[in-house]
Amino acid sequence: MSPSRRSPTRGKRAFAATWWGQAWVTALEDSSLDSGRLSRGRTYARQGMVGEVTISPGAVTAPVQGSRPRPYRTSVRVPTLTDRQWDTLLGAIVARAGHAAALLDGEMPQDLVDDARSAGVPLLPRPTELDPDCSCPDWGYPCKHAAALCYAIAASIDADPFVLFGLRGRTKEKVFEELRHRRGRTAGEPAPQTAPAGLPAASAYARWAADRPELPEPPALTPTRAPVLPPAPPPASGLTATGLQRLAADTAARAARLLAGDTASLELTQHQDALRLAASHNDPEWFHGIRTSTGVRPAELSRLTRAWRHGGAAGVTAAEEPFTPEPATMAAARTAVARALRDMDDDTAGQRLRAWRNRLTLEGAGLQLRLGPDARWTLSGGRAPPPTRTRPRPSLRLGKGSAPVDS
């Protein structure tokens, strides 16, 4: 006879009344040297701090509420049985007719566990087999959250001993399916026919390659009509045949870059993509179509298009969104540019250099350097002064990570 299933509400025995449930609790408590954490775990389990429990082969997991608002991810792992160990355990169950009946009634026969243990099959976990884990910062082994999960699962093991079978790797349905198969073999049913061994894959493929038939000739094509090119876009659409061809070519080029792993175009905004398209062709009609579609003023679109050609999306950001960098960075850049200007023999040598936020402007020359958020400099502005110098201009590098800009 099995002991009563009525559990006390206090103390260590509050979570297991059957001998196999108590064996689970004993394995937990024998695996820990910290009675304080075990006591806290029992309190957490009584207070309902353990969330929904999930039982899977080799592990039981559940969220456990602690002192923080968000529950901790807690689990206790148990080694699963090998196929050979399962074969031994199932053989022990079939050997005595009462074992399967007791299991169906929700009882765990103690002599079954003893016989399996003697054959090297630990159905009930040993203290060294419990492996607790928790996302909390507690270094205890187990911590109070993992201990709470172990105490909470003891009641499930009490009610259904097949929880132990599931933890060891096989569900109740799978166990009884194999038991029925074994009983049929014992009663004299014919053994199932085994599938033929077949051929190794390499040999089968070599045989097919040697004997494969010739492919038939493809049928002759007899077109019924000449191919028709797509019609031109409607006049009111604002699109032209040339524009559609360019958009198709651009789409194909972007697809090729995506296949190669370049995903930069996916991060562009609609505004930035329009500037990219505007910079792709030096065609007034193309430029006018993009200006009409975006509503950007011609001068502004022209300025931002040049910024894209010089620095891409970062160049556009530098042109549109001025920011205030570190004063030391701008002071060093201004000194470098002023020194370069003094060495020039053309009209730029006498121009005044003005600094504002991230911009260095050469007044009167229509030229401006802008420091972008990527720590690179971009050149913008109007037409450069005529090249009346008598010696080559030096190349400027205005700081770490900056793009070399011809001064």
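Guide: The accessible surface of the protein chain comes to about 25100 Å², a value from the Shrake-Rupley method with a 1.4 Å probe, and 55% of this surface belongs to carbon and sulfur atoms. This is a predicted model, in which local features need pLDDT of at least 70 and side-chain atom pairs count only at pLDDT 80 or more, while totals for chains, interfaces and linings use all residues. Residues are numbered from 1 along each chain as its sequence is written, and side-chain values use heavy atoms, with hydrogens and water left out.

Visitor: What share of the residues in the protein chain is buried?

Guide: Buried means under 20% relative accessible area, with exposed being over 50% and partly exposed in between (1.4 Å probe, protein chains only); by that rule 36% of the 407 residues are buried.

Visitor: How many helices and strands are there in the protein chain?

Guide: Helices (H or I, at least four residues) and strands (E, at least two) are DSSP runs, numbered from the N terminus, and the protein chain has 14 helices and 10 strands.

Visitor: Why do β1 and β4 count as edges of the sheet?

Guide: The open sheet has 4 strands in the order β1-β2-β3-β4, with antiparallel pairing, where two strands pair if DSSP finds at least two bridges between them. β1 (54-56) and β4 (131-134) each have a single partner strand, so one side of each is left without a neighbour in the sheet. The twist from one strand to the next averages 15°.

Visitor: Which helix lies across β1, β2, β3 and β4?

Guide: Helix α6 (residues 144-159) does, running at about 60° to β3; axes are lines fitted to C-alpha atoms, for helices over the stretch in contact, and angles run from 0 to 180 degrees between N-to-C directions.

Visitor: What is meant by a nonpolar core, and how many residues has the largest?

Guide: A nonpolar core is a set of buried Ala, Val, Leu, Ile, Met, Phe, Trp, Tyr and Cys residues joined through side-chain atoms within 4.5 Å. The largest has 49 residues, and those with the most contacts inside it include W24, L89 and Y151. Its largest share, 8 residues, comes from α6. Apart from this core lies another, of 14 residues, among them A274 and L304.

Key. Contact means heavy atoms within 4.5 Å.
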